[in-house]
Amino acid sequence: MEFTLDATCGNARATTIKTYHSTIKTPVFMPVGTAASVKALDTRDLIDLLDTHIILANTYHLYLRPGDEIVKEFGGLHGFTKYNRSFLTDSGGFQAFSLSDISKANDEGIEFQSHIDGSRHFFTPQKVLDIQYNLGSDIMMILDDLIALPATKERLKLSVVRTTKWAKASITYHKKMQERGIGRTQNIFAIIQGGVDPAFRRQSAQELTALDFDGFAIGGLSVGEESQAMYDTVAWTTQFMPANKPRYLMGVGTPEDIVEAIDRGIDMFDCVMPTRNARNGTIFTTFGRLNIKAARFKKDHRPIDENCSCYTCQNYSRGYLNHLFRAKELTYYRLASIHNLHYYLQLTKDAREAIIQGDYATFKKDFYARRSQ
């Protein structure tokens, strides 16, 4: 991986990340392709219409179905999907958290039951990397101990201790595998934990950044805490993260969350919100959210957002999208998802331009002003 810090504006950063498969300009939003597919879209949509340069796939889900060995047979995620740009794969830690009724963590890893057939599995730091070697992703997230908030001091401490222990095991194993010729073009990111507790966040950040990872993520947020607590935690944590490596805020979030986190020094984002909300009828626009299923849009000839240059807004009306949604036509999911992802991608591109121009404060002010009209 090559990393360049292109510009700063306050704490906001514009950077360039070069992986084996693509060049990524940040701030960047990564569409979520859980099962090696961004829901309702294909590879041509992602490349030709949205010009994405990195998407996220899910280690846990691909391990269970179709199986990482099968993905490897097809040439990894790139051969399997024909998406020839970068993939980031998560570690499965979030799935263990979200499926906590059928999973249990101990000091060695995470035991879980498959949500598909009930079979039992055990993820260790090494096992998670082995799966991701088979997937062939450009950026691999290591196993971490994610917990819900609020949490006790004892549970937060345990999460930090385990996450550091697993990080040390992961970096040692990764370097050993690279010496054997495995994973040489793959990069490895550690995940900082600690809830919203400043002392634990500092401890986790300092312990992990002392290790030779290619980048660092802030995990364990947007899991029950208030927005301001998340923003404060991001601002506090980034000061302990290296300036010369990527910074990734996992699973966040709303457009407001992204604008605020960029202002606090974050480079990379992912979230299911744009595609999930699209499927449910909620559309993101420069002036706020729009409920496309509302009856008032039946005869509306305007595009979703007259300020938007996406494929959907350039070709279709609110009235048509309203009809497709109400008729449960599958085309709706594609067109709405294209728009929502374009909105998120354009938001981060505009943020980058503002940072380069040295006026992120005006960009942020205008972002909120448009949404209050």
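## Ser222 and its backbone

With a relative accessibility of 41%, Ser222 counts as partly exposed; here buried means under 20% relative accessible area, exposed means over 50%, and partly exposed is in between, using a 1.4 Å probe and protein chains only. Ser222 is not a glycine, yet its phi is positive, about 60 degrees. You will find Ser222 in the loop between strand E13 (215–218) and helix H9 (227–238). Helices (H or I, at least four residues) and strands (E, at least two) are DSSP runs, numbered from the N terminus.

A word on the model itself: it is predicted, with local features needing pLDDT of at least 70 and side-chain atom pairs counting only at pLDDT 80 or more, while totals for chains, interfaces and linings use all residues. Residues are numbered from 1 along each chain as its sequence is written, and side-chain values use heavy atoms, leaving out hydrogens and water.

## Other backbone spots to look at

Most residues other than glycine have a negative phi, and most peptide bonds are trans. Asp51 is another non-glycine residue with a positive phi, near 50 degrees. Asp51 sits in the loop between helix H1 (43–49) and strand E6 (54–57), and its relative accessible area of 33% makes it partly exposed.

There are cis peptide bonds to visit as well. One joins Arg65 and Pro66, with omega about 10 degrees; Pro66 belongs to the loop between helix H2 (59–64) and helix H3 (68–73). Another runs from Val252 to Gly253, with omega near -10 degrees, and Gly253 is placed in the loop between strand E14 (247–249) and helix H10 (255–263).

## The annotated active site

The unreviewed UniProt entry places the feature "active site" at Asp90 and Asp270; positions are given in the numbering used here, feature names are shortened, and annotations may be inferred rather than shown by experiment. These residues span 181 residues in sequence, yet no two of their C-alpha atoms are more than 10.7 Å apart, so they gather at one spot. Asp90 lies in the loop between strand E7 (86–89) and helix H5 (93–98) and is buried at 10% relative accessibility. Leaving aside neighbours within four places in sequence, the contacts of Asp90 (heavy atoms within 4.5 Å) include Leu56, Asn58, Gln95 and Met141.

Asp270 lies in strand E15 (residues 268–270) and is buried too, at 9% relative accessibility. Beyond four places in sequence, the residues in contact with Asp270 include Phe29, Leu56, Tyr248 and Gly253. The side chains of Asp270 and Tyr248 make a polar contact at 2.7 Å. That term means a pair of N or O atoms within 3.5 Å; within protein, one must be able to donate a hydrogen and the other to accept it, and residues adjacent in sequence count only if both atoms are side-chain atoms.

## The largest pocket

About 800 Å³ of space lies in the largest pocket. Of the 40 residues that line this pocket, the closest to its centre are Phe94, Gln95, Gly251, Asp270 and Val272. A pocket is an open set of points on a 1 Å grid over the protein atoms alone, where a 1.4 Å probe fits, with protein on both sides within 12 Å along at least five of seven lines; lining residues have an atom within 4 Å of a point. Grid points are joined across faces, edges and corners, and the volume is the space filled by probe spheres set on the points.

Helix H11 (273–279) is among the elements that give two or more residues to the lining, and H11 supplies its largest share, five residues. By type, the lining divides into 14 nonpolar, 19 polar and seven charged residues. Here Ala, Val, Leu, Ile, Met, Phe, Trp, Tyr, Cys and Pro count as nonpolar, Asp, Glu, Lys and Arg as charged, and the others, Gly among them, as polar.

## The annotated binding site

The "binding site" feature in the unreviewed UniProt entry covers Asp90, Ser91, Gly92, Gly93, Phe94, Asp144, Gln193 and Gly220. The lining of the largest pocket includes Asp90, Ser91, Gly92, Gly93, Phe94, Asp144, Gln193 and Gly220. Asp144 is in the loop between strand E11 (139–141) and helix H7 (153–179) and is buried, with a relative accessible area of 4%. Gly220 is in the loop between E13 and H9 and is buried at 9%.

## Two enclosed helices

Seven of the nine residues of H10 are buried, so this helix is largely enclosed by the rest of the structure. Helix H6 (residues 125–135) is also largely enclosed, because eight of its 11 residues are buried.
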